[in-house]
Amino acid sequence: MEVRAGSRLKSAVCNTEVIAVKAPGEDMDIRCGGVPMLDPSEAKTEGGTPSDDASDGTQMGKRYVDSDETIELLCTKPGDGSLGIGDALLAIKESKPLPASD
Amino acid sequence: MNLMMLLEMASSGFGDRVAIGSRDGSGMTYQDLYDQSGRASDYLRQQNVEHISFLAESSPALPVALFAAAWSGLPFVPLNYRLQGGELQSLAERITPTFTISDGAELQSLISDVDDVQTTAWHRFLNDTRKGAIPEPTWNMDPDEIAVLLFTSGTTGDPKAAVLRHSHLVSYILGSVEFMGADEDEATLVSVPPYHVAGIAAMCSSIYAGRRIVQLPFFDAYEWIDLVIKEEVTHAMVVPTMLSRIVEELEKNPSHKPDTLRAISYGGGKMPRPVIEKALNLFPATNFVNAYGLTETSSTISVLGPEDHRVAFESSDPEVRKRLASAGKPLPTLEVSIRDENGNEVEAGVSGEIWVRGEQVSGEYLGHGKRLTADGWFPTNDGGALDLDGYLFVEGRIDDIIIRGGENISPGEIEDTLLQHPNIRDAAAVGMPDTQWGEIIVALVIPSDTEAFSEDEIKKFVKEHLRSSRTPDKVIALDELPYNETGKLLRRVLKEGLISQGDSEE
């Protein structure tokens, strides 16, 4: 699926939904729970579950990145699957919380 | 990307929390705010205009209009309700056709004569969008759509409209605010007006953090304190003049003092050191945060955090103590660099122009394009320096630099020195035309004790700290200094006052 900044994706096998905050605008094999993610308009896989090696789950409000930060996905709905590109899992983008300033 | 993402997440993550209003149950929840923004987006779309403008003080209509505009794909344009009729009309003409959400009849009449301006009162806007179907969440996700246009308070010429696109504001929030990072009992008091970038940023960051918004439309120190107590406010953002009045009010009336404040952030202008020191003493349990930012950078780019305040306040090392007057360290999500006139980076400790680069940086003005360098840096026109540990010292607008005998002198440096004098409460330094030097330095100070004020003694004090070429040629005692309502020192007013005074003397 071609993913650009602003694209919405949903998991085929759990409740996870994400928005691409940063994306190269190319075809990418973005997965959740080990299964390619869907456009929000597509139907979910009946009875599908995340594969064992991609089932740590997603957390709402966290941003997920690949190792060289070419893509950044914001989790807008949490679920049981883990996000990945191909077989490589994405990691939570660690950010230092800042004191409220406005 | 769209600002609505932030509100959608808030309503789905913690829809029952109160988003805005009183803790007595009369406020709007995040779900209410989402629903009403949806209905209002339909309402705004039906107006067939190109901009949604907001000519009103703070009220719950502000976040509804801001998010409804984002939902409907129309730029949101807050207008300064303190402007004169003519100024306001010329701004309105630049954004027609526009639909204006306004305070009462008086303000509406100011711009209703302009062609293609439709107006409605904010309470009617809220009433008309309270019931009805909520549209599908089909807002535009193109990150380059315009979210907000903010007219900057230009000191010369026509005000410029800074363009903030959805990508800028969303990047700023995602990079600096933790989703649902606020505890359920947290409330923030917003007393900056909607036409200030901090007023817009406050809506977005509070909603994403899940912190209840309490609004004070017209600042008054007593009212502010009263509202903090009544609403058990935990967070507040103030400009320096506000903090100064709050401190004075608390000194006058020490029993009427809030004890719920966990954090006070300040910014928008230079904070006189005696004010922040008194405030630290008055609120020993409160975290203080100094934020520096510009309209063109989607608000904050640098923060002096609570720990920095405490360390600087308690330190005996003058280098560390000095940091109380700094803007802290740049946000980790962006870069700050100090450049000389040729755009070359200068060493730590050397003053130059503050440049900034990052996803939240727009640096764009409507009709003038982006004022960014080829590699994405925005020259802020603010002077400043970074110290060896990376603390940013802001020295004021480059245009305000005084050129005396060919030497560039930052008024900020002189003002910082003046403020260290025990008898000076507030100070400003400006350059005045002079036949011998080009410009001379005139210091305008507010003494705590007028009787004890001595021009010679203050000159001597500055000379002991700075080079003699940076010692004011004149020191004048005043009762007050002119600030605008968002805490910016009006140097132009001071200069004009000095020039007309000079004319009448001659």
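Which residues in helix 7 of chain B are buried? Select His166(B), Ser167(B), His168(B), Leu169(B), Val170(B), Ser171(B), Tyr172(B), Ile173(B), Leu174(B), Gly175(B) and Ser176(B): they are buried. This is a predicted model. Helix 7 of chain B spans residues 166-176, and eleven of its eleven residues are buried, so the helix is largely enclosed by the rest of the structure.

Next, stay in chain B and go to the sheet. Four strands form an open sheet in the order 16-17-20-21, with antiparallel pairing. Select 335-339 for strand 16 and 392-397 for strand 21 of chain B. These two stand at the edges with a single partner strand each, so one side of each has no neighbour in the sheet. Neighbouring strands here are turned by 45° against each other on average, direction ignored.

Pick out Ser337(B): opposite it, in strand 17, stands Trp355(B).

Then show both chains. The contact involves 20 residues of chain A and 35 residues of chain B. Together the chains bury about 2,100 Å², with 64% of it on carbon and sulfur atoms. Select Leu98(A), Ser101(A) and Asp102(A): they supply 32% of the area that chain A buries against chain B, more than any other three residues.

Display the side chains of Arg8(A) and Glu8(B), which form a salt bridge at 3.4 Å, N to O. Finish on strand 3 of chain A, which gives the most to the side touching chain B, with four residues.

Terms used: Residues are numbered from 1 along each chain as its sequence is written. Chains are lettered from A and ligands numbered from 1 in the order in which they are written. This is a predicted model: local features need pLDDT of at least 70, side-chain atom pairs count only at pLDDT 80 or more; totals for chains, interfaces and linings use all residues. Side-chain values use heavy atoms; hydrogens and water are left out. Two strands pair if DSSP finds at least two bridges between them. Axes are lines fitted to C-alpha atoms, for helices over the stretch in contact, and angles run from 0 to 180 degrees between N-to-C directions. Buried means under 20% relative accessible area, exposed over 50%, partly exposed in between (1.4 Å probe, protein chains only). Contact means heavy atoms within 4.5 Å. Buried area is the accessible area (1.4 Å probe) that two parts lose on being put together, summed over both. A salt bridge is a side-chain nitrogen of Lys or Arg within 4 Å of a carboxyl oxygen of Asp or Glu.
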